[in-house]
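Hi there,

Here is the structure I promised to pass on to you. Could you have it open while you read my notes below?

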Amino acid sequence: MTSTSSETLTTGRPDLRLDDGDHERFAHFAERDKVTEAMVMGTPVVALCGKVWVPSRDPKKYPVCPECQRLYDLGPDGRMDEWKARQES
Ligand SMILES: [Zn+2]
């Protein structure tokens, strides 16, 4: 006789998908000075991905925005190229 056979494990976790409307759930990258000021003043900043958001005091609570991460990894030169290409298209 087993006591575990009737137990079904269900997770109550929401399905975290990378939808466009989910920006508020991410921690974005932005200029450090601007982020610091924004956290003090409560003003929004423009993230690398173009999202205007108010940085959280506790960014570790949120997963890093994949678009910001990608742009961050490109480095300054890579970002410049990307932004230029975006404006030209
Ligand atoms: Zn972002």
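What follows is a short tour of what was found, from the overall layout to single residues.

First, the ground rules. Residues are numbered from 1 along each chain, as its sequence is written. The model is a predicted one: local features need pLDDT of at least 70 and side-chain atom pairs count only at pLDDT 80 or more, while totals for chains, interfaces and linings use all residues.

The pLDDT, which is the predictor's confidence in each residue from 0 to 100, averages 78 over the protein chain, and 72% of the residues score at least 70. Among the elements, strand S1 (residues 45–46) has the highest confidence, at 92, and strand S2 (residues 52–53) the lowest, at a mean of 88. Please be careful with residues 14–20, where pLDDT stays under 50. For that stretch the model has 1 contact beyond four places in sequence; a contact here means two C-beta atoms, placed from the backbone, within 7 Å.

**Layout**

The protein chain has 2 helices and 2 strands, in the order α-β-β-α from the N terminus. These are DSSP runs numbered from the N terminus, with helices (H or I) of at least four residues and strands (E) of at least two. Of the contacts with a separation of 6 or more, 36% join residues 24 or more positions apart.

Of the 89 residues, 11% count as buried. A residue is buried if 20 or more other C-beta atoms lie within 10 Å of its own, exposed if 12 or fewer, and partly exposed in between, with C-beta atoms placed from the backbone.

**The two helices**

Helix H1 (residues 32–41) is hardly covered, with 0 buried among its 10 residues. After H1 comes Gly42, whose phi is positive, near 75°. Helix H2 (residues 66–88) lies largely in the open, because the number buried among its 23 residues is 2.

How far apart are the end C-alpha atoms of H2? They are only 23 Å apart, short of the 33 Å that a straight helix would reach; that expected span is 1.5 Å times one less than the number of residues. H2 also bends by about 120° at Gly75, with a proline, Pro76, following within four residues. The bend is the angle between axes fitted to the seven residues ending at a position and the seven starting there.

**The core and some residues to look at**

The largest nonpolar core has 8 residues: Phe26, Phe29, Val45, Ala47, Leu48, Cys65, Cys68 and Leu71. Such a core is a set of buried Ala, Val, Leu, Ile, Met, Phe, Trp, Tyr and Cys residues joined through C-beta atoms within 7 Å.

- Leu48 has contacts beyond four places in sequence that include Phe29, Cys68, Leu71 and Arg79.
- Val45 lies in strand S1 and is buried, with 20 other C-beta atoms within 10 Å. Beyond four places in sequence, its contacts include Ala30, Val35 and Pro55.
- Met39 lies in helix H1 and is partly exposed, with 15 other C-beta atoms within 10 Å. Met39 touches Pro55 and Arg57, not counting residues up to four places away.

Best wishes
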